[in-house]
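Here is a short note to read beside the model. Keep the viewer open and look up each residue as you go.

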Amino acid sequence: MENIRKQIAVYIEEHRNVMMDFWRQLVQIESGSANKAGVDAVARRVQAELDTIGAHTEIHEMKRAGNMLVSVLNEEVPEAPVLLLGHMDTVFPDGTVAARPFTMRDGKAYGPGVLDMKGGVTIAVFAMKALKEAGWTKRPVRLVLVGDEEVGHRNSDGNQQIMEQARGAVAAFNCESGRLGNEVVVQRKGALTYRMDVTGIAAHAGNEPEKGRSAILEMAHKVIVIQNLTDWQQGTTYNVGVISGGTVANAVPDTASILIDVRYLKKEYVPDIEAKLQDVAHTNYVDGTKASLTRLSCCIPMERMAETDGLLAKVQEAYASFGMPRPSGIIVGGGSDSAYTVAAGVPTICAMGVEGSRHHSPEEYASVESLYARAKALAYVVTMV
């Protein structure tokens, strides 16, 4: 094992420039979730890199989303595989690369998707290459990269395909963006999105306001109730993030709508969450109004499995073996595709990608040094499971 660890370290150190160039190339490909051609170009570039080590790569064609890549090293080995996971799409619109190309300043890399998560894709690819160079053949290593994670796979069955690829794996490591502070993620909340609509009765606000039934007033009562449903102890939060209604100031409004975001830790909480929101919808504060609730989306939580702590200990050991501080395992509110590997029964550690901050913003950046450090740790922990 020590010899393998040294070979991994030597490979990464000797290929710093190659890794940097690959990272730059990925960032320079425009691949917002709506840009299928760009996402597919990223998949082809990853495939070309993995072809150099003889990995078996398949591109799963998607009609309305970026394609999915599945690449396997040591495919012929009959042991349970280790799964590496990530996504190739970004949240940025076309034209962002031209406006903000890949750049480096003061040890930080900037550019659309540099952190979330083309740095993580680079880490996964070169961890596999390091394992090949070190001659490690104990298990297959299966890399799964999807093309529409940032939009929740709404135009594909990517979530189901992740579960199919994950079943039977001994462990999964998601190379999602890491956080500053030397942390990895062991649990993520799920996310539910709802729309609530209220219908009232319109009337002239000056001549006959008494004949009106304000949908906005009804909704104002409901918003307060919804916000107060938050249960900090349970970890369930409710947020009314968008509100709209009415037409002009001098009319009693007969319509109002809100969008609600709910974050939760366990899937068994969902029926209770929905029942509470339905109760709010069906409770009237302004006579003559009525309301309806519609679920728009559901991202399941990445729950903490019994085996998660043992897998975290291996990650910590891998980091320490390279002289790096042992990362802590944290719980976060944002979702990821790690939810689907856990749903498939596979212990998972998430946020193994480059460290950085300002995700999804023009100021998004990643720590350059973390690209190499975390590639070493990922490759080595694969050998430990």
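1. **Strand 2 and strand 6.** Start with strand 2 and strand 6, which run antiparallel and are joined by six bridges. Two strands count as paired if DSSP finds at least two bridges between them. Helices (H or I, at least four residues) and strands (E, at least two) are DSSP runs, numbered from the N terminus. In general, strands of a sheet pair through backbone hydrogen bonds, either parallel or antiparallel.

2. **What you are looking at.** This is a predicted model: local features need pLDDT of at least 70 and side-chain atom pairs count only at pLDDT 80 or more, while totals for chains, interfaces and linings use all residues. Residues are numbered from 1 along each chain as its sequence is written, and side-chain values use heavy atoms, with hydrogens and water left out.

3. **The whole chain.** The chain has 11 helices and 19 strands. Its C-alpha trace spans about 85 × 45 × 40 Å along the principal axes. Of the 385 residues, 56% are buried. Buried means under 20% relative accessible area, exposed means over 50%, and partly exposed lies in between (1.4 Å probe, protein chains only). Take contacts (heavy atoms within 4.5 Å) between residues at least 6 apart in sequence: 79% of them join residues at least 24 apart.

4. **Strand 2 again.** How many of the eight residues of strand 2 are buried? The count is eight, and the strand is mostly covered. Strand 2 also pairs with strand 1: five bridges join them, and they run antiparallel. The two form a hairpin with five residues between them. His56 has Val72 in strand 2 as its bridge partner.

5. **Leu143 and the largest core.** A nonpolar core is a set of buried Ala, Val, Leu, Ile, Met, Phe, Trp, Tyr and Cys residues joined through side-chain atoms within 4.5 Å. The largest one has 73 residues, and Trp23, Val46, Leu143 and Phe173 have the most contacts inside it. Helix 5 (residues 114-134) gives the most to this core, with 13 residues. Apart from this core lies another, of 25 residues, including Met219 and Tyr238. Leu143 touches Val46, Leu50 and Leu69, among others, not counting residues up to four places away in sequence. In soluble globular proteins, nonpolar side chains tend to be buried together.

6. **Helix 6.** Helix 6 (residues 158-166) is mostly covered, with seven of its nine residues buried. Among them are Gly158, Ile162 and Met163. The cover includes strand 1 (56-60), strand 2 (66-73), strand 3 (82-87), strand 6 (141-147) and helix 10 (338-343). Just after the helix, Gly168 takes a positive phi of about 90°.

7. Now find four strands in the order 12-14-10-15, paired antiparallel in an open sheet. Why is one side of strand 12 and of strand 15 left without a neighbour in the sheet? Strand 12 (237-245) and strand 15 (290-299) stand at the edges, and each has a single partner strand. Neighbouring strands are turned by 20° against each other on average, direction ignored. Nine bridges join strand 10 (residues 190-199) to strand 15. Thr193 stands opposite Ser297 in strand 15. Helix 7 (residues 215-227) packs on the sheet, and its direction makes about 10° with that of strand 14 (255-264). Axes are lines fitted to C-alpha atoms, for helices over the stretch in contact, and angles run from 0 to 180 degrees between N-to-C directions.

8. **The largest pocket.** A pocket is found on a 1 Å grid over the protein atoms alone: it is an open set of points where a 1.4 Å probe fits, with protein on both sides within 12 Å along at least five of seven lines, and lining residues have an atom within 4 Å of a point. Points are joined across faces, edges and corners, and a volume is the space filled by probe spheres set on them. The largest pocket holds about 710 Å³. It is lined by 27 residues, and Glu149, Glu150, Cys299, Gly335 and Ser336 are the closest to its centre. Strand 15 gives the most to the lining, with four residues.
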